[in-house]
Amino acid sequence: MTQETNRLAEIPAAEPARQKYFIRLLREQVDAMSRKKGRPLTCFISTFGCQMNARDSEKLLGILLDAHFVLGKDERSDFVLYNTCTVRENANLKVYGRLGYLNGIKRKNPDMLIALCGCMMQEPEVVARIKKSYRHVDIIFGTHNIYKLAELIYERLMTKHMVTEILDGTDEIVEELPIERKYPFKSGVNIMFGCNNFCSYCIVPYVRGRERSRNPEDIIKEIEALTADGVVEVMLLGQNVNSYGKTLKEPISFAELLRRVEQIDGLKRIRFMTSHPKDLSDELIQVMASSKKICTHLHLPLQSGSSRILKLMNRRYTKEQYLDLVDRLRAAVPDISLTTDIIVGFPGETEEDFEETLDVVRRVRYDGAFTFIYSKRTGTPAAAMEDQVPEEIVKERFDRLLKEVQTIASEVIKRHEGTVQEVLVEETDTHEPGYLTGRLSGNTLVHFKGDPSLIGTIVRVSLDEAKGFYYMGSLKETD
Ligand code: 5AD
Ligand code: SF4
């Protein structure tokens, strides 16, 4: 037996031991290659899409750094990974464009490795296209096996062939692998994976699989470790956090999970996303109202204000139910900031339907909204619907909606002008030297003069002037 086959015979079967083993093997390879090159090997991850992907990228980077890669500045790195999104067609097009650009870089550095992962890779047509037309890609994997990064790179180095591993789904949740956080003082925390809702336009349930909740004990343990490491704010992440815990052996509600997270010493702020309106319980509203740590912000995707379109979207609430929910939230948490997602141009959307959306926007008066042009995703029920709305009409509605949303947001955000509020300081201001940028509990950004040593702390700031979607403020001396 060669030394290599000997080693492969020792591979632990169970996770995370198996991955820890492959991280060690990869580390030896990375060390050997850097000795040969006389410099460390660099890595670079580019993340597309949502907060889930951002958190996945922290896990991927954790593995790479543990295997002795160092952080590179850009795509001229030895290992480049695109963590992709496929929620709208545009995201896919961007990746193909960037792959063309990477080809040129790889010609200059033939040892470079290019890897692709994330939601787009869960689509068989995408993988077929990459295998055919983008032969310079080395590793392709999906959303269910990101924890295997070290094993996949190791396999690529040993076989020298393109490595592809896409799983259709998984029940496995692998804990305790290294994670490299982007911010030392705040962190996303996955509480569940996948989605069971099958909104008719959305590809997420197909690429992220069925809903799986993490055990509450694992979540609490992770947050305790994070707070011990300096984290003061967590964002609990899931495609639909309101259905958290329903499929666990010992079911618990999301509201109950929040009560337990609230107890963690040292933790100052709790956020969560995303909430599906159909599952938002009165119990959750009560927990939000009585909590000292849950931020006064809720992202509550509307998608459309027309009950007829909502039915076609399979959202399972009506315009009236959504508005009633907003009333109940505001009654319990008067100062709450509401943000939303809205899709314009869903198949069959008429001018009257669109007016209903504008009507909800005017009644709710959101602090902010992400507005999207409907994008046809192959394989979803909406892609087969007749009456796709002509592009010019969609564009015109989109512009009207955006204007309405922005005008209202700039008025709504003004409501705190002249008050003093707590701000979590996040970074130095990228535009104004000497200034810092932080966030209110309601999620609005505030810029103010201050010393970078304040980053990661909560300070009191006077909100002097609202400027559209942010504030200019001044630091109040703390006593
Ligand atoms: N087209 C446009 N927007 C979409 N979203 C999800 N699928 C589509 C689609 N096919 C939007 C929804 C969701 C957000 C994350 O992306 O508004 O809330
Ligand atoms: Fe997509 Fe609907 Fe699931 Fe959100 S809740 S990820 S929009 S299917």
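Is Asn314 buried, partly exposed or exposed in this predicted model? Asn314 is partly exposed, with a relative accessible area of 29%, and its place is in the loop between helix H11 (307-312) and helix H12 (319-332).

**Backbone geometry in loops**

Most residues other than glycine have a negative phi, and most peptide bonds are trans. Against that background, Asn314 has a positive phi of about 60° although it is not a glycine. A positive phi is also found at Asp387, a residue other than glycine, where the value is near 65°. Asp387 has its place in the loop between strand S14 (368-373) and helix H14 (391-413), and because its relative accessibility is 60%, where the cut-off for exposed is over 50%, Asp387 counts as exposed.

**Packing of H4 and H5**

Helix H4, which covers residues 89-108, packs with helix H5, covering residues 124-133, at an angle of about 15°, and their axes are 13 Å apart. Since angles under 35 degrees count as roughly parallel, H4 is roughly parallel to H5. The crossing of these two helices, H4 and H5, is right-handed. On the H4 side the contact involves Asn92, Tyr96 and Leu99, which meet Val126, Arg129 and Ile130 in H5. Sorted by class, the contact of H4 with H5 has 4 nonpolar residues, 1 polar residue and 1 charged residue.

**Cysteines**

A search of the whole structure for disulfides finds 0. Cys85, accordingly, is in no disulfide, and the nearest cysteine sulfur, belonging to Cys119, is 6.2 Å away, whereas a disulfide would require the two sulfur atoms to be within 2.5 Å. Cys85 has a relative accessible area of 10% and is therefore buried, the cut-off being under 20%. By the criterion of under 20%, Cys202 is buried too, because its relative accessible area is 15%.

Definitions and conventions:
Residues are numbered from 1 along each chain as its sequence is written. Chains are lettered from A and ligands numbered from 1 in the order in which they are written. This is a predicted model: local features need pLDDT of at least 70, side-chain atom pairs count only at pLDDT 80 or more; totals for chains, interfaces and linings use all residues. Side-chain values use heavy atoms; hydrogens and water are left out. Axes are lines fitted to C-alpha atoms, for helices over the stretch in contact, and angles run from 0 to 180 degrees between N-to-C directions. Helices (H or I, at least four residues) and strands (E, at least two) are DSSP runs, numbered from the N terminus. Angles under 35 degrees count as roughly parallel, over 145 as roughly antiparallel, 65 to 115 as roughly perpendicular and the rest as oblique. A crossing is left-handed if the near helix is turned anticlockwise from the far one by less than a right angle, and right-handed if clockwise. Contact means heavy atoms within 4.5 Å. Ala, Val, Leu, Ile, Met, Phe, Trp, Tyr, Cys and Pro count as nonpolar, Asp, Glu, Lys and Arg as charged, and the others, Gly among them, as polar. Buried means under 20% relative accessible area, exposed over 50%, partly exposed in between (1.4 Å probe, protein chains only).
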